[in-house]
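Trainee: I have a new model open. Can we go through the terms used for it, one by one?

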Amino acid sequence: MIPLKRIPLLLAILLTFTATGFAQKFCTVPPPSPFKHNALIVTSYDPQAGRMKTTLEHPRALGDGVYLYASFFYQDRRLRSLPTIDIYFVAPSKKPKYRDSHDLSLFADNAPTSPLGAAQYYTESAAHGLTVEKIKITLTYASLLNLIKARRVTARLGATEFELTNNHLESLREIAMLMAPPTNLAKR
């Protein structure tokens, strides 16, 4: 039998654990990021692929109205394949500007970064009569690491050349941290 003196102590312990549990359950604010950037990074379930997908959308234009977007799928660490990331350069405009310039080149400290395959070009119709052009390249994790370690990263899309700001590189550094493969695969 519990002595009457201990009942208030048991109630205080019970209320403390209950309040802590509710606070943890309803806390919707993510922990602060060590990276300083303005990009929105979201992880969600992709029902078409049946896997978790992380996307990055950067609100600042790189130059000539081109925006940065990136995404990758989480994969089982036991798989032997290296993770890849799709980097998109998105350009909304009244009429397509980059239709005939499918060659996209990335340079990290003036050295070319090698994507997996050629750049892919897409167009979509948007509201208010806009056309959204998307140019996608796929990079391996090692190529992404070379890109984010560089001091100066430039991209050339046809005749247009633009530089990724430190804010853009910081967002790519955070997404690289999120997709970090096991250490034995990163050394390949």
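Trainee: Why is K134 called partly exposed?

Mentor: K134 has a relative accessible area of 23%. Buried means under 20%, exposed over 50%, and partly exposed in between, with a 1.4 Å probe and protein chains only. So K134 counts as partly exposed. This is a predicted model: local features need pLDDT of at least 70, side-chain atom pairs count only at pLDDT 80 or more, and totals for chains, interfaces and linings use all residues. Residues are numbered from 1 along each chain as its sequence is written, and side-chain values use heavy atoms, leaving out hydrogens and water.

Trainee: What makes K134 and E124 a salt bridge?

Mentor: Their N to O distance is 3.2 Å. The rule asks for a side-chain nitrogen of Lys or Arg within 4 Å of a carboxyl oxygen of Asp or Glu. So the pair qualifies. K134 lies in strand 8 and E124 in strand 7, so the pair ties together parts that are 10 residues apart in sequence. Strands here are DSSP E runs of at least two residues, helices are H or I runs of at least four, and both are numbered from the N terminus. E124 is partly exposed too, at 40%.

Trainee: How many salt bridges does this rule give?

Mentor: The count is four. Among them is R156 with E161, at 3.3 Å between the closest N and O atoms. R156 is partly exposed at 34%, and E161 is partly exposed at 44%. Another is E170 with R173, at 2.9 Å. Both of these residues lie in helix 3, three residues apart, about one turn of the helix.

Trainee: What makes a nonpolar core?

Mentor: It is a set of buried Ala, Val, Leu, Ile, Met, Phe, Trp, Tyr and Cys residues joined through side-chain atoms within 4.5 Å. The largest one has 34 residues, and L144 is one of those that touch the most other members. Leaving aside residues up to four places away in sequence, L144 touches I85, I87, A176 and M179. In soluble globular proteins, nonpolar side chains tend to be buried together.

Definitions and conventions. Contact means heavy atoms within 4.5 Å.
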